[in-house]
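I opened my notebook to look up a few places in one protein model.

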Amino acid sequence: MDRRDFIKKTFAASALAAAGTTLPFGQKSNLWALGSGLMQNPYDMVAIKGGEPDVMFDKAIASLGGMSKFVKKGQTVVVKPNIGWDVTPEKGANTNPKLVRRIVQHCFNAGAKEVFVFDHTCDTWTNCYSNSGIERAAKDAGAKVVSAANEGYYQQVKIKNGKRLTNAKIHELILSSNVFINVPILKNHGGAKITASMKNLMGIIWDREFMHKNDLHQTIADLASFRKPDLNVVDAYYVMKNHGPRGVSKEDVVTMKSQIVSTDIVASDAAAIKLFGMDPESIDYLKHASDMRLGRKDLNKLNINRIKI
């Protein structure tokens, strides 16, 4: 496992303080056109659009009270992007490297002792890490980018609330880190229809094939019950609308310049599905997770800060 230390870089505090333009409810389409929830703080979710990935995250995390609300001084953090595919960022198969870099920077700015970044990739992991741009971006921010390609990095655990997935080998960093930040990319998926926060957790276990062969939708919900992330950041800058999860060409990708940030993994997926242009009720794993009381899928009952840059 690569555990080389890297020098933590500072970043402009002014970016944290940058304020976005908060929209009233009922503007634009899809997620930004949902009905009003309860209009007081604290927010359950931030839905932001119109900026670069790092700039949108600056504004979103500030709206939720800053990263220090989630990361305390001296804590270890694991950031789990989607690095599953050996493609470049504009193909929309992996999380945007600009977003990963900025999240790592915020973690260190909040006082994190160590920040780890990993994913159990589908293509050859060294190529995925390099060609996604995530390895370079995370290292530049001071993170330790580690492998998930060896079964020895995983520990067997019981998933006590699981219905189909009742035990699994989970990456040791998920078990040992103080804070877990889940950073999926929003995209089409041939098996699950759509992938965002819950589906991204398949990159923390060793045996993904078991999930594909044993009721994928239920096992996605089961896995989400094991350790819910402290924060979910859905990257919807480049969104793969067809031929997911890997895509075929740039023609599969729409530039949406959007982002969803929430502590509630079910709510973040409900919003992501809506943003994608689908009915959340059409996704079985979302319904299973809601039935298991893992979060809230009714967006009308959430306080959502909708921001347009």
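**Entry: α2 and α3**

I began with a helix pair: α2 (residues 53-63) packs against α3 at an angle of about 40°, and their axes are 8 Å apart. Helices (H or I, at least four residues) and strands (E, at least two) are DSSP runs, numbered from the N terminus. Axes are lines fitted to C-alpha atoms, for helices over the stretch in contact, and angles run from 0 to 180 degrees between N-to-C directions. I noted that α2 and α3 are therefore oblique to each other. I wrote down the cut-offs: angles under 35 degrees count as roughly parallel, over 145 as roughly antiparallel, 65 to 115 as roughly perpendicular and the rest as oblique.

Next I looked up the hand, and the crossing of α2 and α3 is right-handed. A crossing is right-handed if the near helix is turned clockwise from the far one by less than a right angle, and left-handed if anticlockwise.

Which residues meet here? From α2 I listed Pro53, Asp54, Phe57, Asp58 and Ile61, and from α3 Lys98, Leu99, Arg102, Ile103 and His106. Contact means heavy atoms within 4.5 Å. I sorted the residues of this contact of α2 with α3 by class: five are nonpolar, one is polar and four are charged. Ala, Val, Leu, Ile, Met, Phe, Trp, Tyr, Cys and Pro count as nonpolar, Asp, Glu, Lys and Arg as charged, and the others, Gly among them, as polar.

**Entry: what kind of model**

I reminded myself that this is a predicted model: local features need pLDDT of at least 70, side-chain atom pairs count only at pLDDT 80 or more, and totals for chains, interfaces and linings use all residues. Residues are numbered from 1 along each chain as its sequence is written, and side-chain values use heavy atoms, with hydrogens and water left out.

**Entry: the whole chain**

I found 11 helices and 13 strands in the protein chain. The chain has 309 residues, and 56% of them count as buried. Buried means under 20% relative accessible area, exposed over 50%, partly exposed in between (1.4 Å probe, protein chains only). I then took the contacts in the chain with a separation of 6 or more: residues 24 or more positions apart account for 75% of them. The protein chain exposes about 12,200 Å², and carbon and sulfur atoms supply 46% of that area. Accessible areas come from the Shrake-Rupley method with a 1.4 Å probe; for residues, only the protein chains shown count as cover.

**Entry: two partners of α11**

I turned to helix α10 (residues 265-276) and helix α11 (residues 284-291), which pack at an angle of about 155° with their axes 10 Å apart. That makes α10 roughly antiparallel to α11. The crossing of α10 and α11 is left-handed. Val266, Asp269, Ala270 and Ile273 of α10 touch Tyr285, Leu286 and Ala289 of α11. I counted classes in this contact of α10 with α11: six nonpolar, no polar and one charged.

Then I checked helix α9 (residues 216-224), whose axis comes within 8 Å of that of α11 and crosses it at roughly 45°. That makes α9 oblique to α11. This crossing of α9 and α11 is right-handed. On the α9 side I listed His217, Gln218, Ile220 and Ala221, and on the α11 side Asp284, Tyr285, His288 and Ala289. The contact of α9 with α11 has four nonpolar, three polar and one charged residues.

Is Thr76 buried or exposed? Thr76 counts as buried, because its relative accessibility is 11%. I placed Thr76 in strand β3 (residues 76-81). Beyond its neighbours within four places in sequence, Thr76 is in contact with Lys113, Glu114, Ser176, Ser177, Asn178 and Val179.

I followed Lys113 to the loop between α3 (97-109) and β4 (114-117). Lys113 counts as exposed, at 54% relative accessibility. With neighbours within four places left aside, Lys113 is in contact with Gly74, Gln75, Thr76 and Phe108. Lys113 and Gln75 are 38 residues apart along the chain, yet their C-alpha atoms are separated by 5.4 Å.

I looked up a cis peptide bond, which joins Gly244 and Pro245 with omega of about 15°. Pro245 lies in the loop between β11 (231-240) and β12 (253-262). His243 lies in the loop between β11 and β12. His243 is not a glycine, but its phi is positive, about 60°. Lys257 is not a glycine either, and has a positive phi of about 45°. I found Lys257 in strand β12, partly exposed at a relative accessible area of 31%.
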